[in-house]
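The questions below take them in turn.

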Amino acid sequence: MIFSKRKPTPTSKKRNLVTFTNPNSLISDQFRTIRTNLHFLTEERKNKVLLITSTGKGEGKSTITANLAVSMAQQKERVLLIDANLREASIHKIFKVSNNIGLTDLLTRQLNLEEVVTKTEFGNLDVLTSGAISYNPVELLANSTVKELFKKIMDSYDIVLIDSPSINEFTETRVLANQCDGVVLVLNRGKTDIENTNEASRIIELSHGKLIGAIFNEK
């Protein structure tokens, strides 16, 4: 188990976390449906690492991932949300937590897991922010440290959600797709076109990743 996690910074209302601010809304209910569907799709594994990605920027991927993590934690699951967008991180902004240290510090072995994980106010949900912006994220995420990390955290969490850059644009997401148990693609109904969707599916297959489903975001 992980102890001595970083404490969250006292904050006001969290950005875009409708599953927290309005748990009885239709949108929150939809997230519960997504959570249930993911369990059915991955029920052969008790402990899972899922990569959440998109075809491009601005499709709502990070907000979707954050709300899904909160929804899972509300059902007493032990959840770790990792921000693997080492170019343009946003999870720390959504949860209003510090990003002074995070995943980059862990992967460069400057700090250990217990020092970089932040305990949130959402019960069993912990957050591992990105840490400092990396100018060579592919090298960081492609080394053996990532696989070691996944093995270690599975002793402490039921599910790990990884927020990543778009898979069509960035090589490091393709590397992560290969190392996770499943990939979920976020599509924006008014923005994502069929060509980009097909390309994302092709890239996941070439990366030897497992596409387990898609989430349609109408905003």
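Q: What makes strand β2 (residues 79–83) count as mostly covered?
A: Buried means under 20% relative accessible area, with exposed over 50% and partly exposed in between (1.4 Å probe, protein chains only). Five of the five residues of β2 are buried, and the strand is therefore described as mostly covered. A strand here is a DSSP run of E of at least two residues, a helix a run of H or I of at least four, and both are numbered from the N terminus. The model is predicted, so local features need pLDDT of at least 70 and side-chain atom pairs pLDDT 80 or more, while totals for chains, interfaces and linings use all residues. Residues are numbered from 1 along each chain as its sequence is written, and side-chain values use heavy atoms, leaving out hydrogens and water.

Q: How do you know that both faces of β2 are covered?
A: On one side Val79, Leu81 and Asp83 are buried, and on the other Leu80 and Ile82 are buried.

Q: What makes β2 and strand β4 (residues 125–128) a pair?
A: Two strands pair if DSSP finds at least two bridges between them. β2 and β4 share four bridges in the parallel sense, and therefore they pair. In β4, Leu128 is the bridge partner of Ile82, and Asp126 is that of Leu80.

Q: How do you know that β2 also pairs with strand β5 (residues 159–163)?
A: The two strands run parallel and are joined by five bridges, against a requirement of at least two. In β5, the bridge partner of Ile82 is Ile162.

Q: Why are β3 (118–119) and β7 (211–217) said to stand at the edges?
A: The open sheet has seven strands in the order β3-β4-β2-β5-β1-β6-β7, with mixed pairing. β3 and β7 each have a single partner strand, so one side of each is left without a neighbour in the sheet.

Q: What makes the angle between helix α2 (residues 26–41) and β7 about 170°?
A: Axes are lines fitted to C-alpha atoms, for helices over the stretch in contact, and angles run from 0 to 180 degrees between N-to-C directions. By this convention α2, which lies across β1 (48–54), β6 (182–188) and β7, runs at about 170° to β7.

Q: What counts as a contact in the protein chain, and what share of them joins residues at least 24 apart?
A: Contact means heavy atoms within 4.5 Å. Among contacts between residues at least 6 apart in sequence, 81% join residues at least 24 apart.
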